[in-house]
Amino acid sequence: MFFNPKHILGIKNLTVEEINFILDTAESFKEVNTRQIKKVPTLRGKTIVNLFFEASTRTRTSFEIAGKRLSADMVNISASSSSVVKGETLEDTAHNIEAMHPDIIVMRHSASGACDYLAERLKCSVINAGDGTHEHPSQALLDALTIRQHKGEIKGLTVAIAGDVTHSRVVRSNIYCLNKLGAKVKIAGPRTMLPPGLEKLGCEVHHNLKAAITDADCIMMLRIQRERQGKTLIPSLREYSRFFGLNDSNLQLAKEDAIVMHPGPINRGVEISSSVADGKQNVILEQVENGVAVRMALLYLVSGGEKLQDN
Amino acid sequence: MKVLIKNGRIIDPANKIDAVLDILIEDGKIIKVAAAITVDSGDAVDVTETIDASGLLVTPGLVDIHTHLRDPGQEYKEDIISGTHAAAAGGVTSLACMPNTNPVNDSLAITKYIITKAKEQGSANVFPIACISKGMKGEILAEMGELKEGGCVGFSDDGVPVSNGELMRRAFEYADTFAMPIITHSEDLSLVGTGCMNEGPVATELGLKGIPWVAEDAATARDIMLAEFTNGRLHVCHVSTKGSVDLVRQAKTRGVRVSCEATPHHFTLTDEAVRGYNTNAKMNPPLRSQEDVDAVLAGLADGTIDAIATDHAPHHYDEKNVEFAIAMNGIIGLESLLPLSLKLVEDGVIDLNRMISLLTVQPSRVIGIDRGTLSVGAIADIALIDPEFEWEFMPKNLLSKSKNTPFAGWKMRGAAIRTLLAGKTVFERSL
């Protein structure tokens with residue numbers, strides 16, 4: 001198949017074939033990352049702007065490394081150093097960047113829908129690196145790639161996702177992606193952290209972690225933001241950890257060969273115990289590694305994919 | 001000066017009239033409503049203008065008791081001239097304007113400014129609603145007696161509802177001292193938080209923080225209880241939830257002095273309209289679920305809802321052309337009021353007489369003004385409506401300064417063809 005999307009805004013509108021094609025493409029890029037000389041000329045002459053309105057070390061660095069390994073020129077713009085503080089609108093900021101003719105803008109923004117907003121208004125490609133609590137497609141894809149590498153096939157697996165769904169930027173993309181690939185998704189968290197209608201996205205909803213992870217093939221723990229403690233959603237991190245933290249004891253309920261994932265950054269002792277985070281079932285750093293390959297695939301495909309070779 | 005409107009279908013719910021009749025106007029007042037008034041005979045001997053209303057509805061000028069004219073202070077969004085011009089184009093001849101201007105309307109000076117400017121330069125009657133509390137701060141009551149003398153028709157802190165129960169109790173009591181209603185945007189702001197659309201599956205999918213229905217219901221319940229306790233008079237603005245419609249219905253059966261209004265957007269659209277992060281579908285209260293829309297329609301049908309009002313809330317393009325979460329709340333409504341209300345008739349929700357009543361005499365009663373009828377002796381505020389007129393709702397053709405509407409591109413049926421204010425034509429649609 002041939003897949004050359006203009007933008008990558010979310011998983012919701014991708015087909016199974018497109019998702020698999022992205023994962024296959026990422027697979028083929030993985031090898032580049034382990035070479036002595038980690039660079040291919042594929043995107044030479046392309047300019048890619050990392051436009052990050054929210055702090056993000058992992059995702060921003062991952063896109064930057066992905067672009068650089070493909071020989072694109074990468075420029076990082078972070079909100080603190082941008083004109084946002086001077087009162088410029090998102091549209092004006094984006095138009096100013098576009099006037100310098102980038103090929104792709106990779107954006108992280110606190111507002112849900114911000115990437116759709118940009119894509120409607122700009123001529124260049126837009127890749128969503130997380131818009132509010134809406135979608136974070138590259139994270140869902142790297143998660144899928146990681147699961148696929150361990151389990152061979154995603155179809156038929158049971159994946160448990162636990163934590164603060166209300167504030168998660170990744171969980172919707174994960175639900176869409178895993179559903180499309182044929183997995184059963186079980187979500188767990190305190191009711192205060194599960195927005196209404198969640199089941200309509202395509203998942204089972206549990207208020208008990210043990211029920212959700214029992215016999216799971218894969219467990220994804222979501223980060224609990226420390227600043228939520230003492231607000232209205234949970235009384236304390238201590239209590240959260242007691243009822244919704246993953247530890248050696250409850251992990252036994254999952255399948256013996258279950259893998260443990262986390263989009264990072266992890267809060268040791270809160271949603272995941274250190275022994276699990278460092279344990280033999282954890283694949284957290286593989287997720288990070290796969291992130292570079294997935295983002296290389298996205299940059300490559302948005303830039304033209306196979307068409308690039310014809311030039 | 002005499003004007004004769006001939007051959008129209010007169011709909012005047014206050015007088016239970018629905019018949020083809022003629023209306024004779026002299027010096028801005030209706031002096032005769034009768035069949036086949038002939039020019040050059042009897043009272044009509046010196047008619048200066050005859051308007052042929054064949055095929056048109058002739059109704060009292062519409063009365064919109066919930067608008068934001070943004071004047072003084074935010075004239076870049078709307079002002080009294082443009083807002084009343086838009087009203088006239090929508091067939092609206094009387095409107096009440098909310099006090100959240102800059103400065104807010106908590107003083108005789110602002111009230112007089114609004115009324116004077118409307119009289120001198122406006123195309124509709126403007127009845128100010130003043131603040132409940134000074135500075136709209138929810139701390140001390142505004143000078144309600146003097147504000148009433150100045151021409152205000154009710155009191156509301158609108159979008160910043162009074163949270164303090166004691167102050168609200170006293171507001172009901174004090175306003176009723178002057179026979180004035182308390183008009184509420186009933187919402188518990190602590191339950192709204194940073195929500196920006198209706199809480200539910202669509203918000204969950206879009207990753208937008210929700211506003212739960214209980215934020216409206218809980219506050220509506222409190223306001224009704226306080227009205228009941230004080231025997232004060234309450235008008236609940238823009239009911240948007242099943243629960244608040246039910247609460248008003250139950251309160252009415254208990255004899256509580258409560259009325260309420262619904263907006264065209266709340267009975268026409270659901271929160272599905274937000275998809276695509278459409279900031280012109282962002283308002284407060286937010287667009288709700290189909291179940292809520294159905295409840296509002298039922299409330300219109302069974303008489304629980306007393307008035308249709310627009311909550312006309314103009315905002316500049318720049319204030320809507322932003323990320324959804326930071327876009328301003330509200331949409332314009334004056335020029336879409338009539339066709340969207342006529343749709344209720346087309347859909348069989350209410351009959352035409354009821355619809356006209358909800359847009360004329362009933363809202364007039366809510367704010368205690370002597371408009372909304374075609375009685376002999378009444379001021380000749382009249383709308384000539386073609387209920388079959390088909391047109392496309394194009395923002396660029398609207399007379400409001402702001403164009404923030406979710407109905408852009410809609411095929412509308414029904415429009416005001418001509419609007420008379422005290423017998424004088426203030427709007428005529430070019431056909």
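Q: How many salt bridges are counted between chain A and chain B?

A: A salt bridge is a side-chain nitrogen of Lys or Arg within 4 Å of a carboxyl oxygen of Asp or Glu. Between chain A and chain B the count is one. Lys12(A) pairs there with Glu205(B), and their closest N and O atoms are 2.5 Å apart. This is a predicted model, in which local features need pLDDT of at least 70 and side-chain atom pairs count only at pLDDT 80 or more, while totals for chains, interfaces and linings use all residues. Residues are numbered from 1 along each chain as its sequence is written, chains are lettered from A and ligands numbered from 1 in the order in which they are written, and side-chain values use heavy atoms, with hydrogens and water left out.

Q: How many residues does each chain bring to the contact, and what area is buried?

A: Contact means heavy atoms within 4.5 Å; chain A gives 22 residues and chain B gives 14 residues. Buried area is the accessible area (1.4 Å probe) that two parts lose on being put together, summed over both. Here it amounts to about 1,400 Å², with 54% from carbon and sulfur atoms. Of the area that chain A buries against chain B, Ser112(A), Tyr117(A) and Pro196(A) supply 30%, more than any other three residues.

Q: How many residue pairs are in polar contact between chain A and chain B, and which helices of chain A supply at least two residues of the side that touches chain B?

A: A polar contact is a pair of N or O atoms within 3.5 Å; within protein, one must be able to donate a hydrogen and the other to accept it, and residues adjacent in sequence count only if both atoms are side-chain atoms. There are 10 such residue pairs between chain A and chain B, both residues at pLDDT 80 or more. Helices (H or I, at least four residues) and strands (E, at least two) are DSSP runs, numbered from the N terminus. On chain A, helix 3 (90–98), helix 4 (114–121) and helix 6 (171–180) each supply at least two residues of the side that touches chain B. The largest share, five residues, comes from helix 4 of chain A.

Q: Where do Arg169(A) and Glu54(A) lie?

A: Their side chains meet in a salt bridge (2.6 Å, N to O). Arg169(A) is in the loop between strand 5 (158–162) and helix 6 of chain A, and Glu54(A) is in the loop between strand 1 (47–52) and helix 2 (58–69) of chain A, so the pair ties together parts that are 115 residues apart in sequence.

Q: Which peptide bonds are cis, and which residue has a positive phi?

A: Most residues other than glycine have a negative phi, and most peptide bonds are trans. The bond from Asn102(B) to Pro103(B) is cis, with omega near 0 degrees. Another cis bond joins Asn284(B) and Pro285(B), with omega about 0 degrees. Ser71(A), although not a glycine, has a positive phi of about 70 degrees, and Ser71(A) lies in the loop between helix 2 and strand 2 (73–78) of chain A.
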